[in-house]
Every structure is written in structure tokens, then in C-alpha cells.
Amino acid sequence: MFTTTTRPAAVAGLFYPDDAEALRAEVRAALAGARPAPSAAAPKMLLVPHAGYVYSGPIAGSGYALLAPWAERIRRVVLLGPTHRVALRGLAAPTVDAFETPLGRVPLDRAALDTLVALPQVTRSDAPHAREHSLEVQLPFLQAVLDEFTLVPLAVGDAAPEAVAEVLERLWGGDETLIVISSDLSHYLPYDEARAADRATVERILAFATDLDPYEACGAHPLAGALRAARAHGLVPRLLDLRNSGDTAGDRERVVGYAALAFEPAAAATHERDDELGQALLARARNTIAAALGRAVAPEPPHPALARPGATFVTLHVHGELRGCIGTLEACRALEADVRRHARAAAFEDTRFESIRAHELEALQVEVSLLGASEPLPVAGEHEAHARLRPGVDGVTLRWRGRSATFLPQVWEQLPAPRDFLAALKRKAGLPADFWAEDVLLERYAVRKFGVER
């Protein structure tokens, strides 16, 4: 006879009410108090806190409220959180069939969990889950917001980012799968010190840092791996809420920090039109050059995307001739700072060309390329590389033993054949046009191009 095994609620009555009606009311209040800007598509991943509801519930609500329009679509939740009571190396998958809260049972996706058995970083163990709150406190929110769903709960101990990312890749799925990462931020700092520390941590999260420390975020291990996977899939992070226990229910002598972030598909990460973002970027690029030359600057339209991490290339032409092109592949700073830095570098630091002079400003043409996240392009050989490259679409980076070079998609206009494109890219990296080796690495990325602007 088949028997269903269940992990019972361990922290009901401690971290949240053990009475179902009181619990529903508290969760509804947290959700009702949230006012996140809507998304054009379902978020793929959430970062939410896991303290007692009186402290972190409103911040968690800011994340979960974003799911309401997509409740019928989300059918599976992959939930990762740190272990607080049991020492663990790697990740632990439970053996039970369901998790329980006062709001009812949540069935586990046993088939999905079984796909992880062969991974060396994953063990089967119920001990890390038995009294762990970091996963359990998320369940009543999920039960309140979603329709029927299955759960893939994983307790994460000492695990490298790449190990966690590998697990998430197996579970990534499509629109039916939501990934939830459970983590608080700083612990027991004075209020003002905690605010500064948590803001710095959030900036690192927005920049996809994978070297997070448990002192910055107690869920640093699952979070670092999730950030690695999110970046590989081109997700865009958005801060929804950032507070601490001094803002909710505690004193301000020793506080705990909480944040809620959504990670969304790039196409849905902003509702603003591309031309508005382009105008904002182009104005800042041109003004940076004009100001450096002592000339007047024009008004700069605001845009919310400028505060998010971004990677740009700035390309300059005068009378149709290339006069500078500088940029980066990594989103390591806010978009506004990035475009200003590369505008100045393209105008005055590109050693291939003479610096832009004041009398050339009238004829200066500015182009800004906003890069998406790079993704590996594994190929068995150069012939396969030619077949898999997408002319006119792919920006491409080639790396081999310390040598590297990249071409923006605009280069396809001069080199439309993949063979010629790749040969020129190899020459740019200081390699022969006919060179190939088994350890050549290719990456590709998408670009949104703004300009040429006069």
C-alpha cells in the first residue's frame, strides 16, 4: 500500500501564526501592503527574506505580490534556502512526498528531485529540512498567491556557485517554473550601519556578484549560484523592497536586513520604450564629451534603467569615419556611469585614433550599444561555429589562452559571412585567420543599438 510521507510544519506558531485563519490574514495584509511596479512577463526568480513575519513579512510580500497576474501559469516552484541548524556540504533534497503548513499540504515534484540524484553535490536527506525555517516560511505566501503547484525544496549548505547553478540548470524549465531564493541580509548591526551595508550588498546582487559572503547575506551560497544562472539566462534584476527589522517591528540597536528582488526576462524588465532609453543614453554620451571639451551641454532626459547595472560600447564617427569605440562586456556598474565612462574613453583614450577635438563636435556621430548577458557557445569545431553563428544578431567574443577579442553585431554589416567574421575576430585577438584549437572558447551576446545620433 502506498503511503504519503509529509514533513510537518516546524516553525508554525514561532515565525508565523499556527492558526490557518490568522495566517491567511497576516499573509494577505503583507501582500496588500505591497505596491511593486507590474512586469510585462512573469518573473523567473525571486529573492525574498525568511525571518518571522512580523519582521520580514512586508518585504516578502513585495516580492510575492508580483506573482498575482501569473498565478495560473506557475505550476512548479524551485525553492532554495540556507541551512541554519544542520551543517551541510552541498545541497540536500528531501525524501518525503509533501511539505505541510497550517494552510495545507504542498506536494513535492518527486520526478524533478530524482533528476538530481546523479549530481555529486546533491544528497538525499531529511535532516537539514526537519527544523529549517528558511524554506518553510515561504510556503504560506506561495499557497496564498498561486493556484495548485508542486515544490522542489533544496537546503543549501557549503556549495560553490557553479554547483548550485548546475542544479538550477536541470530544474530551469519554462514559464511554468518559478525559482525562489530565500535569504536575509546583514545581521545585528546598528540601524544606520545596516542600511549602508545592505545597500552595498544589493548593488552587488544587481551586478550579479558570485562572491557574496554569508555576512552580507545568510543565503549567500544559494544566492551566488542563482545569480550565476540568472546571468547566463539573461535575466534582469529589479529591486522591489529594501528594509530592515528596525523599519518593521524591532528596535534599531541590532537589526536584520531584508530585501525583495525580482529577476525578469530581458524583454519584460522595463516597460519604457527603447527610443526613450536611447535618447537618455545618447544625451549622456554626447554631453560627457562636450563637457570634457569645455562646451555647453544639453538637457538629459531621465530614465529608470540608468540606475540598473549595464554594459555599453560607445562608438564615434566624424564625417562617417570611425574615431573611437570603447566598451565592456561586463555589467559592473550603473548604466549611467558606464555610458559616461565609455563615451569619454572612446573620444580621448582610443589609441587607434586621434582624440575628438572641439571643432568636430558638430559633425560627431554617437552610437551606444547596450549589451545583453554573454552566454557560452559550445562548438565541436570551427565548422560548427560557422553554422551556429547568427549573422546580424550575435555579438561574439573569442578567448584562447589569455588572448581575447570581441565584435559587436554591427560588424556583420562589413563581414556578413560567418567564415569571414570569425577569421577577422581571430586576427583581432592576435591569431592567424586560419587558426583553431580544441580549447578555443566562444561566447555570444545580444545588443540593443541606439544612434547614429547627430
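Is Phe-141 buried or exposed? Phe-141 is buried, at a relative accessible area of 1%. The model is predicted.

**Aromatic pairs**
- The whole structure holds six aromatic pairs.
- One of them joins Tyr-53 and Phe-141: the ring centres are 5.1 Å apart and the planes meet at 55°, so the pair counts as tilted.
- This pair links distant parts of the chain, since Tyr-53 belongs to helix α2 (residues 53-64) and Phe-141 to helix α6 (residues 139-145), 88 residues apart.
- Tyr-53 is buried because its relative accessibility is 5%, under the 20% cut-off.
- Tyr-16, Tyr-53, Tyr-64 and Phe-141 form a cluster through ring pairs.

**Nonpolar cores**
- The largest nonpolar core has 83 residues, and the members touching the most others are Tyr-64, Val-77, Leu-80, Leu-91, Leu-154 and Phe-263.
- Strand β12 (residues 255-264) contributes the most to this core, with seven residues.
- Beyond four places in sequence, the residues that Leu-91 touches include Leu-80, Val-122, Leu-154, Val-156, Val-164 and Val-167.
- A second, separate core of 25 residues has Leu-277, Leu-306, Leu-316 and Ala-363 among its members.

**Charges over rings**
- Arg-7 places its charged end over the ring of Phe-99, 5.2 Å from the ring centre.
- Arg-252 places its charged end over the ring of Tyr-191, 3.8 Å from the ring centre.

**His-342**
- His-342 lies in helix α12 (residues 335-348) and counts as buried at 6% relative accessibility.
- Apart from neighbours within four places in sequence, His-342 contacts Thr-312, Val-314, Ile-326, Gly-327, Thr-328 and Arg-333.

How values were computed: Residues numbered from 1 in each chain as written. Predicted model: local features only at pLDDT ≥ 70, side-chain atom pairs only at ≥ 80, totals over all residues. Heavy atoms only, no water. Core = buried A, V, L, I, M, F, W, Y, C linked by side-chain atoms within 4.5 Å. Buried < 20%, exposed > 50% of the residue type's maximum accessible area, 1.4 Å probe, protein only. Helix = DSSP H or I, 4+ residues; strand = E, 2+ residues; numbered from the N terminus. Contact = heavy atoms within 4.5 Å. Phe/Tyr/Trp six-rings, centres within 6.5 Å; stacked < 30°, edge-to-face > 60°. Lys NZ or Arg CZ within 6 Å of the ring centre and 35° of its normal.
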